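Reader: I have a new model open and I'd like to learn how to read it feature by feature. Could you walk me through it?

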Amino acid sequence: MANFYTDIPEIKFELENSSLMPRIVELKERGFADKDTYAEAPQDYADAIDNYEHMLEIVGDITANTVAVNAEAVDAEGPHCENGRVRYAEKTYENLAAMNKAGLNGMTMPRRYNGLNLPVVAYTAANEIVSTGDASFENIWSLQDCIETLYCFGNEEQRQKYVPRVCAGETMSMDLTEPDAGSDLQSVMLKATYDEENKCWRLNGSKRFITNGDSDIHLVLARSEAGTRDGRGLSMFIYDKRDGGVNVRRIENKLGIHGSPTCELVYKNAKCELCGDTKLGLIKYVMSLMNGARLGIAAQSVGLSQAAYNEAIAYARDRKQFGKAIIEFPAVQELIANIKARLDAGRALLYQTARYVDIYKALEDISRERKLTPEERQELKAFNRLADSFTPLAKGMNSEYANQNGYDCIQVHGGSGFMVEYACQRIYRDARITSIYEGTTQLQVVAAIRYVTNGQYANVIADMEKETVRPEYEPIMARLKEMAVKFNECTAKVKEAADNDFHDLCARHLYDMVSNIIMSHLLLQNASKAPELFGKSLQVYVNLAEAEIEKHYRWISNLTPAQLENYKQA
Amino acid sequence: MSLNIVVLAKQVPDTRNVGPDAMTPEGTVNRSALPAIFNPEDLNALEQALRLKDQNPGTTVTVITMGPGRAAEVIREAMYRGADGGYLLTDRAFAGADTLATSYALSTAIKYVVPNADLIIGGRQAIDGDTAQVGPQVAEKLGLNQITYTEEILDCKDGHITVKRHIDGGVETVESPLPCVLTVNGSAAPCRPRNIKLVMKFKRALAPMELAPGTTFADLPYAEQYEQKPYLTIGQLSCADVNADLQQCGLAGSPTKVKAVENIVFKAKESKTLTGSDEDINGLVQELLASHTIG
């Protein structure tokens, strides 16, 4: 029977083969403090990894045999809006029931709230696998991750009230976007007022483009400080659907992820609770929420790339033209090899990011229980920085790759790929949103560029250049070092220009360069450990990456501030 | 109302994905070439039991299976889905049992371990033997009502159960007092997936028969866990444990004798092409009657 975990050995490799993993498990398990209290808690490191594998095997089974099977019907039917409520496509309920029966909720939450206490790495793997089956269902299921923000910033009473409900399968949404506040969330106008009589907050106004907007528990960004117009007037609120007051006005008709309801919401004096402190809604809590969500989109994108690879290779093996399977033609081989190389490189970046997030999140959580040692504080700071600098790379690059891979997957199918009967067109449509929501690629560049100019990425790359690799890969390491020299040269040129427009125009090119170099290194490290799994992808990817570096190097070398005018259209 | 439910389950070779090496040259099943799985309709049966457990707090679901040590896998699989525990009925004396001896052994085990069972639920039939006899024979031996071809349990309260049965051309709704035996059809709801917390809890559960010869639980990794957590030791019953009459067990208790097993390979030269004409159809019917294939 198909299984989207056991059929894809690269995921198991990413789960187990990192020197950071023992530290992640030790921190997450607090030195295995739960082992005598909870029957499901692991006894030691090996036992924890075994638990993660069991979890992923269940996810892989449900995804391959239920979610993927239902994907076409879910895509065709989509959700419905009835009397202000969302009714999912029929098969979506079947998917949700399977995930709930399997207990795959509250994945990263502590056991004391009925969570599974899984590290972000394991949750990310589950997320990727679900997305391979159906990216639109992944949206609904993975929004459970919003609970992380409520857990981090809500009070104990709120944790006890909401976390166990999410662990039992209640769904979540994050209500941020409004008609005039998309990328620019500082412009959010949904009004939050304090109701003195009933001693609670009330929400009035509307939101747009809210994924899974009729969820059970919402995190809502709203303006609590009357008269303000910027981000400092915004706070975060928890809306409990059981209290009522929020209705769905309509569901958007979208290009892709049809199964995921994207809602316009109307708040009519809706009762809600303040989460954390007022005024920190955007600047602190939403930033944290978004970082988690961006990692989620990176995982969704990798899952889509895996789906694109699966469909492309299956079709190419099966389809015969000119008397042989089309997979035997170099032109088709290149398409598929490139999909696989981008998939493996992007996946390596995804998991490295997840590991960084794991260490800093676990330390941050421990800091709520006790004072950290000076060494731990240093560790937290370093990993927080790594996580913050890697998240925009993982999200931006993987989402762009998912689009490219979906495109190439259709290309492998030829004319058949343009027909709705084949899954590749759904993958292509579903992938399109990944480079837009939770911050467009252009905004990922904005988030990442400071780490180009302040040398953070250059330091990471310098460390990676010190890694030992298999002797046969030494020439590849030499090429990567050459690529870094070109990147540093471009960075220096942009900094020297000291011109904001010049800097902003070059940002995307620098971002692509640094991402390509980092992914090449990660793939090199993987291939050094498991050449049978990653050797081919490494060679293919470095060829691609080197050509990309060369392209951007030429582009930046040729650009002068005088040319900026040419890029401005009236 | 809490219930005591017994689920009868069998580990079977996966005959649904038969490859060229599925049969030995001697015409017997080549078990090593076929993965051992939870008999599919027994999973449907387990789901019915678990639904009753969901609806009736305090209900216990006990799985009983007969087979060698590795058959304990079906008990673990059931525990991963919500069964409370189970018993592996295992003994050399049970070997070679036909459906009569099997139902005898199972019924003695049920009387021994869950004497107050309200419901005994099994799959309609196993995909290796395809007899559909064991469930009904267990009911006979226990002197209980039986409802076969169960598709859905509509209601279970006040000592009565109402069941929708799958019959030729439609469904039939029947009612029976408890205790009774149900056999569940493959058209019933599929079984729920494994639950991750239950897998984490029970993944090390073992029946003593599964241990390597000459070893004990103390020799296993995490040995202390078996002392601290009794649920990690799967119940195991021998012929003597359940006071079974040896004459009614295994080969001795099996009136069914296999005369021969033939491996039938259809060859094109033996085939005939029939048209839809009355003459051809009549000819075929006569031929099948003559060979006692029908009639």
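**Starting from one residue**

Author: Touching, or being in contact, has a cut-off here: the C-beta atoms, placed from the backbone, lie within 7 Å. Bear in mind that this is a predicted model, where local features need pLDDT of at least 70, side-chain atom pairs count only at pLDDT 80 or more, and totals for chains, interfaces and linings use all residues. Residues are numbered from 1 along each chain as its sequence is written, while chains are lettered from A and ligands numbered from 1 in the order in which they are written.

Reader: Is A:Val25 buried or exposed?

Author: The general idea is to count neighbours: 20 or more other C-beta atoms within 10 Å of a residue's own make it buried, 12 or fewer make it exposed, and anything in between is partly exposed. A:Val25 has 25 C-beta neighbours inside 10 Å, so it counts as buried.

Reader: Which helix is A:Val25 found in?

Author: Helices here are DSSP runs of H or I with at least four residues, strands are runs of E with at least two, and both are numbered from the N terminus. A:Val25 sits in helix α2 (residues 21–28) of chain A. In chain A there are 17 helices and 11 strands.

Reader: Which residues touch the most other members of the largest nonpolar core?

Author: A nonpolar core is a set of buried Ala, Val, Leu, Ile, Met, Phe, Trp, Tyr and Cys residues joined through C-beta atoms within 7 Å. The largest one has 246 residues, and A:Ala126, A:Phe237, B:Val7 and B:Ala105 touch the most other members. Helix α9 (residues 281–318) of chain A gives this core its largest share, 18 residues. Take B:Val7: beyond four places in sequence, its contacts include B:Ala45, B:Leu46, B:Val61 and B:Ile121.

Reader: What domains does chain A have?

Author: Domain bounds come from an automatic or database domain assignment. For chain A that gives domain 1 (9–166 + 283–435), domain 2 (172–279) and domain 3 (441–567). The C-alpha centres of domain 1 and domain 3 of chain A lie 26 Å apart, and their contact takes 24 residues from domain 1 and 23 residues from domain 3. On the domain 1 side, α10(A) supplies the largest share, 10 residues.

Reader: And how many residues of chain A are in contact with chain B?

Author: 15 residues of chain A meet 11 residues of chain B. On the chain A side, α3(A) gives the most, with 6 residues.

Reader: What ipTM does the predictor give the complex?

Author: An ipTM of 0.94, along with a pTM of 0.93. Chain B has a mean pLDDT of 92, with 97% of its residues at 70 or more.

Notes:
Two residues are in contact if their C-beta atoms, placed from the backbone, lie within 7 Å. pLDDT is the predictor's confidence in each residue, from 0 to 100.
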